[in-house]
Structures are given as structure tokens and as C-alpha cells.
Amino acid sequence: MTSQELKDFAKNVVGVDAIGIAPIERFDGAPEYMSPRTVFPGAKSVIVFARRIIRGCYRGIERGTHWPSYQVFAYSGLTKLVHQANYRIGRFIEDHGYLSVPCPPAATLKEAGPRGPVPPGGKYPRDINVSLRIAAVMAGLGEMGWSKVLLTPQFGPRQRLGLILTDAELEPDPIRIGRICDRCKLCVRDCPGNAIDRDKGNIITAGGVSWECNDLKVGKCKLTHFGLNRTTSPHFVKTFPGIYLPMEEQGNTWVEGWNFGHSLFSAVPTWKAFSAYPIAICGARGCIISCMNHLEKRRRIGNIFRHDFTDEKPWRIPEKPPRGHEDHHGFVYDPENPEAMSGGVKSDWY
Ligand code: SF4
Ligand code: SF4
């Protein structure tokens, strides 16, 4: 099995949009808790592939008219397609007598993952997670933008990734960084969660190269992503018209944001109608929509369309609710109101 045979199968038979290969040596300096070698000591190559997010999935959220398309086709449905591709490419590899170890993403495993004592005798911990984005850079698929999202030369920020470790020694692809992100910082400007830092960055070093990404506030991103940010979540505002949750002041972790989203999810009828679990409400307006729009206009990526995605200013709902119940028509306790009705009967609550 050569690299070319594997890539031809992945692209032409399975239908992935991009695929790259890194030799395992590019991960030599990786901490043990993120190293592919900790998962599979015999790994010789790391294969990373991408399936593109259909650009039109962003239209409904950008217009404020339709949310399910992004959730279904850019999140849950596309993730299933990545897993299917992972399985089919894995079968191809194992048909040639090599092991295929798929590693799905679990970026916050360190925060949310298994708990317990450190394993004795120098054994490895149980929460190993290989970063898909770093692995994608190592496999020559693209670079990480200032936003920390992977940008590819074809689709910019618009893809989801799959990763396979194998003991097959495959011809690698060169690392290509510093070609796509021009530090326009539109991702910062248009992130409704104030999650992307404009100036503060972190240096990532791997495979003999270094690059800088913003110091992302994943907790703020999680709250916004799950629709707990008033400015981009009419569903939240409708159910909790008087709640003020200024994103700038939140200091929660990713897991706190996750748990908060899950605890409030069932209270919001629209969300329950969309899905059985919290969904992508933000629509990645800064880190994907604005970035994609910019990279297309500047012709910095290959997948160009006949019409610009949008030139409209993104819509926002005021972050601060109106002053009181009487202004925002929230759920009011008012026994003095003779006209208060609930479910057709006189009620002290309305
Ligand atoms: S929006 Fe601009 S600064 Fe942000 S990742 Fe994209 S190209 Fe880089
Ligand atoms: S998903 Fe939304 S909140 Fe999170 S970084 Fe992207 S634009 Fe900001």
C-alpha cells in the first residue's frame, strides 16, 4: 500500500475532500498525554483527512432564520460521515495487513475525562487525546489560523477532521504553514462570545515548526456555542427574557459551560424541537463565517463561489435585557393584576 494508493481510495472511493500524512517523528516532542505514540507505540504514520462543511449550512444562522441545517449538516451529520470515512479507510489499511487506529476528537478530555489516581509503575494516564488540528498541520493539510481553527488551502476554516494512526510507513506530505491566515482579526471582531483574544497568543511548536494562535477562552465559546449568549440566541431570550449573562464577565471553564448548557437545554422549547441535546447556536460567526468570507474575498483559498457569502453586518440582540418585567414581558408574579391569565385561567403569574 503506497501513500498514493491510500489517498486515491480515500478521495475517489470514500469521497473525502483532503488527506495528508505525517511521519510519527513529527510528534517526537509531544507531551505524553497528547502523543499518538502513547495511544499506539508502533505507529509509523499519522493520517489526517477532511470532509468539507457545505457553505450553505451557514446561511440560516447568518440570516437569523434557520438553525437546524448547520447542526445537522455541519455538526452531527457531518461527524457521522467523518466516522464512516474513518471506518472505510481503516478497512482499506487493514486489508493491506497494517493496523488502523482511529482517534476521534475529544479536545477537552483532560478537563472532562476519566478521573482517578495516577497509574502506578510509570504507566500512562487514561485520558490521552491527540489534537486533530495539530495533527492536521503535521500532515500538511493546512495551518491553524489566529482563531485556532484549522484553515486549509481549499476550504479555509470549513471542514471537520478525521485521524488514523497506522504502522504502515507511508510517504509523508510537507508541512505548509503561514500561507492562509493574514491576521485580519475579523474572527476576533465578529466572535459574539468575546472568546478570541485579539492580542494574547500561545506559541505551538511541533514537527520542527512553531506558530501562534490566540489564547482562546473556551468557556465563553462554549456558552455562546450552546446558545446561552443573548446577543446571538433569540431562543434563549424568548425563554429567559430577563436573564443578563454578560459574556465579557464570564470566567467559566469549558466543562462548566457544557454542564450549564445541558442543564438549561430542556427549558428552551425551540432547542428541544431541534434536537435531543444542546446544539450549535452560535454558528461560528467569527471563527468560521467571517474568516471564510474574508478568505474568499481575498482569494486566499481555492473553493470560490459566484457570489460573496454576505456583505451584511451580522445581526445582534442587545446583551442587556430591558429594565424590568414590565418592559421585557418576562414571567411575572403579580397577584394585583386582574387580567393576568395563564392557560386560560386567572393566575398570579403571567
Ligand atoms: S479571520 Fe483573519 S485573523 Fe482570523 S483566522 Fe481567519 S484569516 Fe486569520
Ligand atoms: S464558535 Fe462562536 S463563540 Fe466560539 S470562537 Fe467561534 S465565533 Fe466565537
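Author: Start at the hairpin of β7 and β8, where 2 residues stand between the strands and Gly207 takes a positive phi near 55°. The names of such elements come from DSSP: helices are runs of H or I with at least four residues, strands are runs of E with at least two, and both are numbered from the N terminus. Residues are numbered from 1 along each chain as its sequence is written, while chains are lettered from A and ligands numbered from 1 in the order in which they are written. The model is predicted, and local features need pLDDT of at least 70, side-chain atom pairs count only at pLDDT 80 or more, and totals for chains, interfaces and linings use all residues.

Strand β7 covers residues 201–206 and strand β8 covers residues 209–214; the two pair in the antiparallel sense over 6 bridges. Two strands count as paired if DSSP finds at least two bridges between them. One of the bridges joins Thr205 to Ser210 in β8.

A residue is buried if 20 or more other C-beta atoms lie within 10 Å of its own, exposed if 12 or fewer, and partly exposed in between, with the C-beta atoms placed from the backbone. Just after α8, Gly227 takes a positive phi of about 85°.

Gly251 sits in the loop between α9 (234–239) and α10. Its C-alpha atom is separated by 7.0 Å from that of Gly219, although the two residues are 32 residues apart along the chain.

A residue is near a molecule if its C-beta atom, placed from the backbone, lies within 6 Å of it.

Ligand 1 is surrounded by 14 residues, the closest being Gly145, Cys181, Cys184, Cys187 and Cys291. Their classes are 7 nonpolar, 4 polar and 3 charged.

Arg183 lies in the loop between β6 (159–166) and α7, and its phi is about 60° although it is not a glycine. Arg183 counts as exposed because it has 10 C-beta neighbours inside 10 Å. Ala284 lies in the loop between α11 (269–274) and α12, with a positive phi near 50°. Ala284 has 26 C-beta neighbours inside 10 Å, so it counts as buried.

Now step back to the chain. It has 13 helices and 10 strands. Its radius of gyration is 23 Å, close to the 20 Å that the globule rule gives for 350 residues, so the chain is as compact as a globular protein of that length. That radius is taken over C-alpha atoms, and the globule rule is 2.2 Å times the number of residues to the power 0.38. Of the 350 residues, 39% count as buried.

The largest nonpolar core has 85 residues, and Val46, Val48, Ala135, Met138 and Ala139 touch the most other members. Such a core is a set of buried Ala, Val, Leu, Ile, Met, Phe, Trp, Tyr and Cys residues joined through C-beta atoms within 7 Å. Beyond four places in sequence, the contacts of Val48 include Gly20, Leu132, Ala135 and Leu163. Two residues are in contact if their C-beta atoms, placed from the backbone, lie within 7 Å.

Methods. Ala, Val, Leu, Ile, Met, Phe, Trp, Tyr, Cys and Pro count as nonpolar, Asp, Glu, Lys and Arg as charged, and the others, Gly among them, as polar.
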